[in-house]
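Hi everyone, thanks for coming. Have a look at the model on the screen, and I'll walk you through a few spots in it.

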Amino acid sequence: MLFQEARGGDKFLLGGKGYGLVVMTSLGLPVPPGFVITTDVCKEYYKEGGRVPDGLFRQVRAKIAEVEGTTGKKFGGSEKPLLVSVRSGAPFSMPGMMDTILNLGLNDLATERLAAITQNERFAYDSYRRLIQMFGKVAMEADAESFEMVLEEHRRNSGVRMDIELPAEELKEIAEEFKGLVLAQTGREFPQDPYVQLEMAVEAVLRSWNNERAKEYRKFYGISESLGTAVNIQSMVFGNFGESSGSGVGFTRNPSTGERKLFGEYLPNSQGEDVVAGARTPMGIESVEPGVLAQLKEVAKRLETHFKDMQDFEFTVEGGKLYTLQTRNGKRTAQAAVKIAVDMAKEGLITPEESVLRVEPEMLESLLHRRLDPTAADKPLAKGLDASPGAASGEVVFETEEAAAGGGRKVILVRPETTPEDIKGLIASQGVLTMRGGLTSHAAVVARGMGKPAVVGCSEIEISPDRAYFITKGGERVQKGETITIDGTTGTIYRGEVRMVDPEPTPELTEILKTADGVRRLGVWANADTPEAALKAREFGAEGIGLCRTERMFNAPNRLPIVRDMIMSRDLETRTKNLYRLFPFQLSDFKGIFSAMGGRPVVVRLLDLPLHEFLPPLEDLIIGIQSLKEKGAPDDDIARLEAMLNRVRQLAEHNPMIGHRGCRLAVTYPEIYEMQTKAILQAAIELDREGKDRAEVKIMIPLVALAGEFKFLRGVVDAAAEGAFRELGARVSYSVGTMIETPRAALTAAEIAEQSDFFSFGTNDLTQTTFGFSRDDVEAKFIPKYLEMGILPNSPFDSVDPSGVGRLVRMAVDDGRRVKPELEIGICGEHGGDPKSIAFFNGAGLNYVSCSAFRVPVARLAAAQAALGAKSAATTT
């Protein structure tokens with residue numbers, strides 16, 4: 001279809017490039033004439049096993065004839081030769097991933113005539129050598145490096161640095177050498193017939209949809225393989241015609257800052273590929289001749305007015321005349337995206353609701369963490385999993401005790417993996433790096449909750465047995481005490497201290513989040529288990545705490561010995577006595593969190609970890625006992641460690657994740673939940689008596705699979721509450737709910753809802769138990785292969801699995817609310833901060849999502865976008 005015939009077609013038919021050309025033509029902008037071969041042809045090409053559809057080239061010739069009529073030039077003619085470009089154009093921008101060929105239609109004779117007609121021999125042969133080079137590489141699959149070697153030899157012989165300095169005679173020789181190179185490498189001569197060139201170029205562009213780089217790009221960005229590319233055939237205009245010509249790229253606003261000002265680059269005497277390749281340094285767009293600059297500003301204004309978004313457009317100036325060659329929505333930084341969206345809403349170009357849709361939620365994360373200076377060019381040492389965003393520098397330490405000792409130093413804790421015992425090291429360090437573990441490993445979860453950067457599962461490093469250094473896959477050794485920088489946003493590690501910049505929330509960010517809050521239906525809560533984390537969550541706009549883990553309250557350094565005494569107790573009386581030694585600590589913790597979240601709900605999850613997690617590792621105990629014996633230590637000391645070793649062996653499990661933990665542990669030892677309940681409610685009562693605003697108390701029982709488990713433990717909680725109320729002579733309201741994190745709990749939600757005041761989905765464990773996956777194992781061993789093969793569309797740990805886990809969620813929501821229509825339901829797993837998952841939870845009817853504090857703004861924006869998406873879907877059905 002000619003550009004003027006294709007009005008009304010969309011990007012999925014015309015491709016992004018073709019769509020932009022059609023729109024610019026309809027706006028009356030100076031677009032060289034041409035036509036689009038639609039994506040339907042590409043789909044047919046692959047459907048037929050890589051065969052061009054019958055009749056395609058007959059139609060192409062007919063359209064070429066129409067372009068000839070418009071331009072007054074002849075394709076393949078010698079008097080006024082028509083030259084064309086053949087360019088790809090997928091529905092979604094894939095810059096540089098597919099192929100383009102310029103100057104098609106030139107051959108030996110046409111080049112001579114072009115030189116004579118233009119009286120510019122250098123221009124003609126520069127265009128010809130470009131065609132042979134691009135065509136040879138793309139359509140005939142000659143080695144690209146070979147062409148560059150020829151050019152380099154001629155630059156060296158001529159004593160020049162750049163191609164633009166090569167004279168016409170050299171370019172003539174280069175064109176001949178290029179033709180010889182093509183013949184030598186492919187066994188075929190460069191075609192002199194322009195229509196053969198055209199047909200081969202069209203097929204080469206169709207083939208490029210499935211080249212390796214295009215496939216990798218689509219995989220990374222989640223672009224469907226079935227979309228196909230369009231092919232755009234357009235009459236050439238020449239920026240390499242002389243000093244009054246050139247090529248450039250313009251942005252209607254600054255893509256880095258969002259400033260409302262024309263931004264871009266221009267390269268005199270060049271074709272568009274030169275600007276992109278970077279072989280020459282372009283000038284700022286303001287250096288363009290004033291008359292052309294004024295036209296560019298008008299083009300920018302008209303493009304923004306039509307597309308209502310910042311545009312990235314390509315242009316060529318030929319002999320002082322401006323032509324526009326492409327436009328698309330411009331890539332931009334997070335800062336620019338927010339500013340552009342808010343500014344355009346204020347300008348009346350878009351509505352406030354549309355401004356919310358203009359910013360990708362994940363972008364906000366980079367605005368809220370301390371981050372590396374984007375201008376730094378440090379070389380990475382290694383790469384792991386990007387577990388907790390932000391960046392940090394510090395001295396390498398391998399032991400928790402050394403990290404905790406601190407001494408005023410900034411340190412990065414480097415461990416094979418972390419355990420609850422490493423909490424003090426995590427608190428003291430600037431960030432954490434582990435060799436093993438996944439994105440929900442201890443290090444990852446704790447670091448996110450603290451807002452500390454974390455890189456986990458970094459298999460590219462190996463820690464030495466004596467913990468004196470680690471060595472990278474590339475053989476670089478980093479000693480203890482050396483400074484490194486970790487970037488938890490990308491999972492990258494650097495030697496030394498890399499420059500960083502602090503986040504500074506802009507007025508535009510505050511504005512767009514305020515707009516989002518007025519649109520969204522879902523509440524946004526945070527996961528936090530310290531007063532400091534709770535205050536940070538409020539600062540980011542959290543409306544409650546959806547998960548307050550209590551494990552930290554047991555494994556803090558000053559409490560762990562008491563917990564171990566409790567575990568080692570031989571009878572209920574001693575166990576209860578030791579357990580209540582923890583009561584003052586937990587009371588203080590809960591008061592701090594409830595006070596920090598005054599007036600907002602806080603969901604306290606009662607103890608979930610198995611008891612063996614609080615004891616030393618078996619190997620450490622065996623070594624410790626042997627060491628004591630060798631040193632002749634007192635028998636009592638040896639006996640104490642031997643008793644602990646026996647207890648570790650008693651508590652050991654083959655699969656602790658689905659073992660004696662959560663509510664199962666509490667059914668066996670109900671006194672644990674009894675003590676926690678009393679501490680929770682006494683904290684609320686004391687804050688009331690002190691006249692302080694406090695949180696709304698919600699108590700959550702983890703890992704329920706049976707309604708009977710919940711009924712029993714609810715009885716324990718309620719009995720403990722009544723006991724506390726009698727002892728204190730006061731009452732407070734509270735609710736008791738459960739986590740839905742096993743398939744059976746989801747399937748029997750109606751039974752559980754009869755006793756439960758609320759549900760909260762723990763989608764980390766629900767995903768593992770539904771798939772039968774152990775996340776720390778499968779993420780490294782076979783999920784990448786599953787993604788590569790298309791067995792999984794994405795990792796179910798990144799975004800909720802809608803057909804499996806999602807179905808269980810919907811069933812539990814429907815069944816639970818059939819029993820209790822007003823049942824409050826939230827989600828507190830990692831998926832609570834994932835925009836795709838948030839859209840699913842919005843559709844499933846949840847009341848709120850809960851995520852790490854630093855993802856709260858992301859969730860606020862994603863929840864608003866989900867609400868707008870649901871509203872849009874409802875109005876179109």
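Let's start with Ile 423, which has 6% relative accessibility and so counts as buried. By buried I mean under 20% relative accessible area; exposed is over 50%, and partly exposed is in between, with a 1.4 Å probe and protein chains only. Ile 423 sits in helix α16, residues 423–428.

Before going on, some housekeeping. This is a predicted model, so local features need pLDDT of at least 70 and side-chain atom pairs count only at pLDDT 80 or more, while totals for chains, interfaces and linings use all residues. Residues are numbered from 1 along each chain as its sequence is written, and side-chain values use heavy atoms, with hydrogens and water left out.

Now the overall picture. How many helices and strands are there in the protein chain? There are 36 helices and 32 strands. Those are DSSP runs, numbered from the N terminus: H or I with at least four residues for helices, E with at least two for strands. The C-alpha atoms fill a box of roughly 105 × 65 × 50 Å along the principal axes. Of the 877 residues in the chain, 56% are buried. And if you take the contacts with a separation of 6 or more, 68% of them come from residues 24 or more positions apart. A contact here means heavy atoms within 4.5 Å.

Next, strand β17, residues 431–434. Are its faces covered or open? Both are covered: Gly 431 and Leu 433 are buried on one side, and Val 432 and Thr 434 are buried on the other. If you're new to this, in a regular strand the side chains alternate between the two faces of the sheet. Strand β17 pairs in the parallel sense with β16, residues 411–415, over 4 bridges. Pairing means that DSSP finds at least two bridges between the strands.

On to a sheet with antiparallel pairing. It is open, with 4 strands in the order β1-β6-β4-β5. The edges are β1 (34–37) and β5 (100–104), each pairing on one side only. From one strand to the next, the twist averages 15°. For angles like this, axes are lines fitted to C-alpha atoms (for helices, over the stretch in contact), and angles run from 0 to 180 degrees between N-to-C directions. β1 and β6 (residues 230–235) pair over 4 bridges in the antiparallel sense, and Gly 34 has Gln 234 in β6 as its bridge partner. Helix α1, residues 11–26, packs on this sheet and touches β1, β4 (84–89) and β6, with its direction at about 25° to that of β6.

Now a pair of helices. Two packed helices are described by the angle between their axes and the distance between the axes. For α2 (residues 39–47) and α8 (residues 194–208), the angle is about 80° and the axes are 10 Å apart. That makes α2 roughly perpendicular to α8, a label for 65 to 115 degrees; under 35 is roughly parallel, over 145 roughly antiparallel, and the rest oblique. Which residues of α2 make the contact? They are Val 41, Cys 42, Tyr 45 and Tyr 46, meeting Glu 203, Leu 206, Arg 207 and Ser 208 of α8. By class, the contact has 5 nonpolar, 1 polar and 2 charged residues. Here Ala, Val, Leu, Ile, Met, Phe, Trp, Tyr, Cys and Pro count as nonpolar, Asp, Glu, Lys and Arg as charged, and the others, Gly among them, as polar.

Cys 42 has 1% relative accessibility, so it counts as buried.

Last stop, the barrel. 8 strands close it, in the order β25-β26-β27-β28-β29-β30-β31-β32, with parallel pairing. Neighbouring strands are turned by 30° against each other on average, direction ignored. β25 (residues 523–527) and β26 (residues 545–549) pair over 2 bridges, and Ala 526 stands opposite Ile 545 in β26. Helix α27, residues 670–689, lies across β27 and β28, at about 170° to β28.
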